[in-house]
Amino acid sequence: MNGPLDLRVLVLLLVGVIVGYIAYMHPAVGVAGLVAVGVVTLLYLMMGSGGTGGPPS
């Protein structure tokens with residue numbers, strides 16, 4: 001990062017606030033989003049490390 005707040009950090013914070021607000025207003029969407037993030041993270045870890053479960057190299 002080039003400074004105290006990089007553009008990527010600001011975008012991630014903005015997306016986090018929007019998703020948090022949507023999950024607060026519509027709890028079913030929040031649960032579905034949490035499941036989706038968990039599945040994608042699991043697949044990312046499995047595919048990136050040859051199936052051992054470690055972080056991708």
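Let's start with glycine 33, which counts as partly exposed because its relative accessibility is 30%, a value that lies between the 20% limit for buried and the 50% limit for exposed. This glycine is found in helix H2. The model you are looking at is a predicted one, and its chain has 2 helices and 0 strands.

- Along the chain, glycine 33 and valine 19 are 14 residues apart, and their C-alpha atoms are separated by 8.9 Å.

**How the two helices meet**
- Helix H1 covers residues 7–25, and helix H2 covers residues 27–48.
- The axes of H1 and H2 come within 5 Å and cross at roughly 125 degrees.
- H1 and H2 are therefore oblique to each other, since that crossing angle falls between the 115 degrees that ends the roughly perpendicular range and the 145 degrees above which helices count as roughly antiparallel.

**Surface and burial of the chain**
- The chain has 57 residues, and buried residues make up 4% of them.
- Its accessible surface comes to about 4,900 Å².
- Carbon and sulfur atoms account for 78% of that surface.

Technical notes:
Residues numbered from 1 in each chain as written. Predicted model: local features only at pLDDT ≥ 70, side-chain atom pairs only at ≥ 80, totals over all residues. Heavy atoms only, no water. Axes fitted to C-alpha atoms, helices over the stretch in contact; angles between N-to-C directions. Helix = DSSP H or I, 4+ residues; strand = E, 2+ residues; numbered from the N terminus. Parallel < 35°, antiparallel > 145°, perpendicular 65-115°, else oblique. Buried < 20%, exposed > 50% of the residue type's maximum accessible area, 1.4 Å probe, protein only. Areas by Shrake-Rupley, 256 points an atom, 1.4 Å probe, with all protein chains shown as cover.
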